[in-house]
Structure formats: C-alpha cells, structure tokens
Amino acid sequence: MPKPKQKLLIIDAHALIHRAFHALPPLSTSTGQPINAVYGFLLILLRALKDIKPAYVAVAFDSKGKTVRHTTFPAYKATRAPTAPELISQFPIVRECVEAFGFPSYSVTGYEADDLIGTVCEQLEEDPNLETVILTGDFDLVQLVDHNTKVLKIQQGVKDLFTYDEESVQHKHGLTPKQIIDYKGLRGDASDNIPGVRGIGEKGATELIQKYGTIENIYTHLEEIQGRSRKALEGHEDDAKLSKALATILNDAPITFRLEDAAVNTYDTDKITALFRRYSFASLLNQLASLPGAQKTSAVPQRETASADVWLSAAEQPQRKHDPKFKYQLVNTAAGIRDLTSDLLKQSVFALDTETTGLNPFSDRIVGLSVSWKEN
C-alpha cells in the first residue's frame, strides 16, 4: 500500500479576512477594537487544521499598493471601494495570530497572495510525497488545481467549505482548471475590473472554451463561429488576451519557499491562549486541545462548557453594537426556564438558534440557545 502523502496547507489570508468581515456581525473588544474578521479567520483556520491535519502550513498575504498587473492595465481593480477602516485595523491582529501559531507568512511588494501561492505550487510540483491544499474564499485560485493540488473554498459565510479537485471543477463548471483562465478572459471579472469581451456571457464563454479550448484557438477559428458570439469577438482579440493575462496567476514571484520552514511540530498553546484571552475569544479556546500536535496548557479552563464566554469578566466580553430597539433577556434560572417554556407553548411558530463549541455537529457541545417569536 502506498504511503499517504503529507499535506501542505497554504492559506490565502486576505481572501479569508475579507470573507469573514462581510459574513459576521460587528464584534469589538471592550476597548472598541473591531474583531469580527479576526474571529472568522480563526474559526476557518481551526476547522481546517483539524480536518486536514497538515504537516506543513504557510500563509500568504497581499502586498500594499499597486501590483505588476497595473503595469499593463492601470485600471486593474480600479472599481473597488476603499477598504473600511474597521477592516484595515484587523489585519495586524491576524498577522499576530499567524505568528502565535508559528506559521511562516509571505508578502512581496507588487504581487498578490495568489501569485505567491502559485509560485509555491510551481516550486513543489515535482514532490511526489506532498499534496497541497489551498484554503481561500476566492474562486480565482481554482486554476491551480491539478493532480497534486486541491482548493478548499469557502462557499457561504464562514462555515460551508467545498473541495475542488480536477474532477469536481470539470463536473461543476464544465471546464478544466486551466480553462478557468480563458473563461475569465472572455467573461471578464467585475470585482477585479477585468474587461473581458463585451457581449460574451457565462454560457457563451463556457461553450466557446469547451469547443475550442483556449482564447488563442477561438480566434484561430473565428471564421467558423456564427451569430452574436462572432460579432462580439470580432475586433476584441486584444481585450480577450489582455484579460486572460490579468486573470492568470503568476508562478515566478520572487520568493524561495522552503518546506521545512512550514513544518508543523507542536503549537505553543500558552502563547495562543494568551492571545485569545486578550481579544476575548474564549469560545475558541477549547478547540486548541483537539489540534494535532497541541500541548495541554493550564491556561485553558477544563470544564464542560470551557468554550463559553461566561468565564470572562463583563469588561473582557466582546461588545456587540447594540440597537436600543432590540430587547434581549437572559434566561439562566429554573424559574426563567419555566416561564420561557410557558411562553413558547403559546406560540404557533418561533425561531431557535444554537451556540456551540465548534462547527462539528456530531462532536461539539451546545453552550447556549436563543429563541424569538416576534420582531425585535
């Protein structure tokens, strides 16, 4: 039986941070520091570490300012709104968390995190004993999928993850991973301000690439293409090829990745615990003990509801932005439970939500319930 491959987990940090910031409600510490993006990033990270059990972990960050793509297309990403200050202030905290876990991080001026990840994949392509898993919220990285590389993409919020391998890319999108680049060359990408070819929609782009394989081959056979697609394509070969170049992840960024630098040995759980306590992430602490390679630490309370925030002082608790029109009541006594039950029995319908110690519905514990049967 062949020996199982070791796994390298590469984290697309900015993509996860942005996804978490927009998916989670506003949270802040008692000092007013926003932390929802950091909390969401850590939720995703801890789940990936437990599920994938990587032997190696590396983290890629975008660099500030313009990239090499702006040289050929100054309007690249020009339509994006400025980053919210509440989000900007959380990036240093995420870097602090990455450092606490002991993971090497990479950022190169002029290059995006995607390019660093593409370069690492290129440098490790010939390693027969290694499988690379890219954790991201960005579909662009699917173009890197091959026989030795998978993409674990956040689909919704911060909980739903989908694994792209060669077969699932073909099944889900009707294209090979490399053809995703040609698809974006024709279709464009509004989020990155990549123009594409106006008049070519999702279906048309997919059908053209399925038939001709690449943008270059489409234009080689332009004479045999009929109808609206032909009309849209004519005179726009340069636009299509420029868009394809902008959408292509580079594999020659100026970094040298050493696998041994990313080796996961044991986590410094005391250091991570201190960081989690500082930012009021009590609900994440009990997950540390279940990480492969984690050492037990006396700083993590050993109690049945260890992850609940109840053992933080009121001053340490994350502070939600409170709208005065909403009315909340804590039910934590036997009499309160009886009154709540009586009220619920009078309702024809009510909403129920759970707070748990993690994201695994089979092994995690419920630490709280919330119910509502009318607005506000």
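Modeller: Strand β2 (residues 56-60) is largely enclosed by the rest of the structure, because five of its five residues are buried. Buried means under 20% relative accessible area, exposed over 50% and partly exposed in between, with a 1.4 Å probe and protein chains only. Strands (E, at least two residues) and helices (H or I, at least four) are DSSP runs, numbered from the N terminus. The model is predicted, so local features need pLDDT of at least 70 and side-chain atom pairs count only at pLDDT 80 or more, while totals for chains, interfaces and linings use all residues. Residues are numbered from 1 along each chain as its sequence is written, and side-chain values use heavy atoms, with hydrogens and water left out.

In a regular strand the side chains alternate between the two faces of the sheet. In β2, Y56, A58 and A60 point one way, V57 and V59 point the other way, and all are buried.

The neighbours of β2 come next. Two strands pair if DSSP finds at least two bridges between them. Strand β1 (residues 6-12) runs parallel to β2, with five bridges between them, and D12 is placed opposite A60. Strand β3 (residues 105-106) is also parallel to β2, joined to it by two bridges; here S105 is the bridge partner of V59.

These strands belong to an open sheet of six, ordered β3-β2-β1-β4-β5-β6, with mixed pairing. Its edges are β3 and β6, each with a single partner strand, so one side of each has no neighbour in the sheet.

Rings of Phe, Tyr and Trp (its six-membered ring) pair if their centres lie within 6.5 Å; planes under 30 degrees apart count as stacked, over 60 as edge-to-face and the rest as tilted. The structure holds 10 aromatic pairs. One of them joins Y39 and F281, tilted at 35° between the planes and 5.6 Å centre to centre. Y39 lies in helix α2 (residues 36-52) and F281 in the loop between α13 (269-278) and α14 (282-288), so this pair ties together parts that are 242 residues apart in sequence. Y39 is buried at 16% relative accessibility, and F281 is buried at 2%. F162 is partly exposed, with a relative accessible area of 27%, whereas Y164 is buried at 2%. Ring pairs also link Y39, F101, F103, Y267, F276, Y279 and F281 into a cluster.

Two rings carry a charge above them, a term that applies if NZ of Lys or CZ of Arg is within 6 Å of the ring centre and within 35 degrees of the ring normal. The charged end of K172 sits over the ring of F162, 4.7 Å from its centre. For R95, the charged end sits over the ring of F61, with 3.9 Å to the ring centre.
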